[in-house]
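Me: I have a model open and want to learn to read its packing. Where do I start?

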Amino acid sequence: MEFSREKRLKARLAGDRRDLYPHSLQFYLQPPTENISLAEFENFAIDRLKLLKVVENLGVSYVKGSDEYKSRLEHEIRKLKFPFKALVEEDYDARRKDHISHFILRLAYCQSEDLRRWFIQQEMDLFRYRFNELNGDLVEKFLKYVNLSYGAISKEMKEKLAVQLLNSTSGLSGAKVEELEFYKVPLQDAMDLFRVRRVYLLNAFAYVPQTDIVAIVLNNYRTKLSKALALTARSLPAVQSDERLQPLLNHLSHSYVGPDYSIQKNIGKISLEHIDALSVKSFPLCMRQLHKALRDNHHLRHGGRMQYGLFLKGIGLTLEQALQFWKSEFIKGKVDADKFDKGYAYSIRHSYGKEGKRTDYTPFSCMKIILSNPPSQGDYHGCPFRHSDPELLKQKLQSYKIPPTGITQILELVKGMHYQLACQKYFQLTHDVDDIGFSLNHPNQYFAESQKLLSGGREVKKEPSEPESSQQKLSSQKSTNSCSIPISSNTEADTELEGLDAYFTED
């Protein structure tokens with residue numbers, strides 16, 4: 001017997017499953033208790049990180065709550081199959097994914113203050129968007145669900161207090177007062193609104209319009225989430241003792257998901273004679289900095305050789321070309337040919353998988369560069385947006401002919417710890433585009449997208465209105481830690497990369 005789609009959905013949501021997730025919006029107060037596979041564990045985490053990364057990018061590029069912001073975020077939520085329209089009845093799988101993935105990322109992002117701050121900010125922005133999609137009835141239903149006893153006042157009470165509500169609530173007309181729901185909230189929960197005189201007070205209660213109730217709910221959510229992350233951090237050692245989860249959690253906030261740049265699609269297509277020109281046109285700032293240091297000093301210390309060598313491998317240099325490139329530069333300095341062949345050549349062959357474990361090592365992602373092995377005196381590796389002094393970064397950008405307004409925008413992003421977004425802005429300015437059309441997560445991605453653009457393989461997008469002007473609001477978002485956080489499903493390769501370090505220790 002075949003069921004209609006509607007009956008199948010009702011059957012699927014019958015009983016305990018429906019009770020488990022009565023609403024698709026929640027405060028994540030109870031952790032999941034079911035068993036899931038490691039594959040599902042990792043896939044859920046990856047998808048939520050993708051979503052939070054989009055939330056972060058959109059929050060910087062567009063005015064939060066604008067039509068463009070909401071449209072793009074809605075598209076991403078639908079694509080990743082998270083709950084979209086809150087409280088619909090047919091999205092059990094999406095609700096389950098939302099619930100489990102949130103708690104997985106808690107385990108990964110409770111480990112440092114920077115990670116906690118980033119996670120809280122993106123979760124808050126996601127929650128704000130989803131809450132604002134609720135209508136009046138659903139807001140009340142949700143408030144009851146999370147035990148916030150903020151009841152909407154009756155129509156009679158609203159008519160009685162119409163003048164006071166109009167005078168105490170900025171930006172409202174008499175017609176809007178009639179249309180809006182107002183909630184009776186204890187004063188202690190509405191102190192932020194009270195301080196800026198946005199609510200009417202009567203008998204120790206604040207009368208809060210629906211447009212402002214989200215601020216109170218968000219404050220409550222932030223408090224609960226902050227405490228939950230602190231508790232999770234204390235219990236993390238017990239979780240990490242599980243040898244199945246420990247590698248996943250250790251790499252979840254540092255790694256990368258995206259194209260595998262160890263697979264050299266352009267192998268042999270890059271000429272050594274073109275590298276100087278490519279470094280100016282198509283290298284991200286981190287690699288341009290390393291290339292210049294190598295040309296100037298005829299040497300790079302091991303951190304720089306690892307970062308730059310694997311990048312060059314990823315853009316298409318063959319092993320033979322890499323050996324020739326490094327040798328020709330090093331022998332111009334203090335390293336003679338014999339010393340290079342005996343010491344440095346082995347490490348290059350090792351990085352190409354021809355020595356040692358014969359592992360084909362992957363170029364570093366943005367997150368690995370930002371979060372691992374910070375440069376010390378005499379080093380040139382790392383992320384210039386993360387590791388450079390702002391004044392030195394400004395001078396460097398000026399020397400590369402970045403316009404003053406662009407430098408200001410980049411420095412604002414750096415100040416807000418939006419390092420990858422600062423690199424995206426650098427791409428826009430050096431390629432004269434206003435919308436690069438992708439989220440930047442990898443230096444080799446930067447090179448590939450640059451080459452597509454310069455060769456006419458990708459359409460140039462010009463959007464001079466909202467995204468550009470919205471950069472002016474960055475100063476209000478300084479609390480966001482934008483170590484943009486994509487992750488990798490290949491934790492084994494990232495673990496093995498640590499072994500490569502030993503072969504680059506000779507300076």
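Reply: Start with contact: two residues are in contact when heavy atoms lie within 4.5 Å. Keep in mind that this model is predicted.

Me: Which residues is L52 in contact with, leaving aside neighbours within four places in sequence?

Reply: L105, W118, F119, Q122, E123 and L126. L52 itself sits in helix 3 (residues 38-61).

Me: How far apart are L52 and E123, in sequence and in space?

Reply: They are 71 residues apart in sequence. C-alpha to C-alpha, the distance is 7.1 Å.

Me: Is L52 buried or exposed?

Reply: Buried means under 20% relative accessible area. L52 has 0%, so it counts as buried.

Me: Why call helix 6 largely enclosed?

Reply: Because 14 of its 20 residues are buried.

Me: Which residues touch the most other members in the largest nonpolar core?

Reply: L73, F127, F131, F142, V208, I213 and V217, out of 62 residues. Domain 1 (38-134) and domain 2 (148-216) both contribute residues, so this core lies between them.

Me: What does V217 contact beyond its neighbours within four places in sequence?

Reply: F27, F127, F131, F142, L143 and L148.

Me: What does the second, separate core include?

Reply: That core has 60 residues, among them V335, A345, Y400 and Y426.

Conventions
Residues are numbered from 1 along each chain as its sequence is written. This is a predicted model: local features need pLDDT of at least 70, side-chain atom pairs count only at pLDDT 80 or more; totals for chains, interfaces and linings use all residues. Side-chain values use heavy atoms; hydrogens and water are left out. A nonpolar core is a set of buried Ala, Val, Leu, Ile, Met, Phe, Trp, Tyr and Cys residues joined through side-chain atoms within 4.5 Å. Buried means under 20% relative accessible area, exposed over 50%, partly exposed in between (1.4 Å probe, protein chains only). Domain bounds come from an automatic or database domain assignment. Helices (H or I, at least four residues) and strands (E, at least two) are DSSP runs, numbered from the N terminus.
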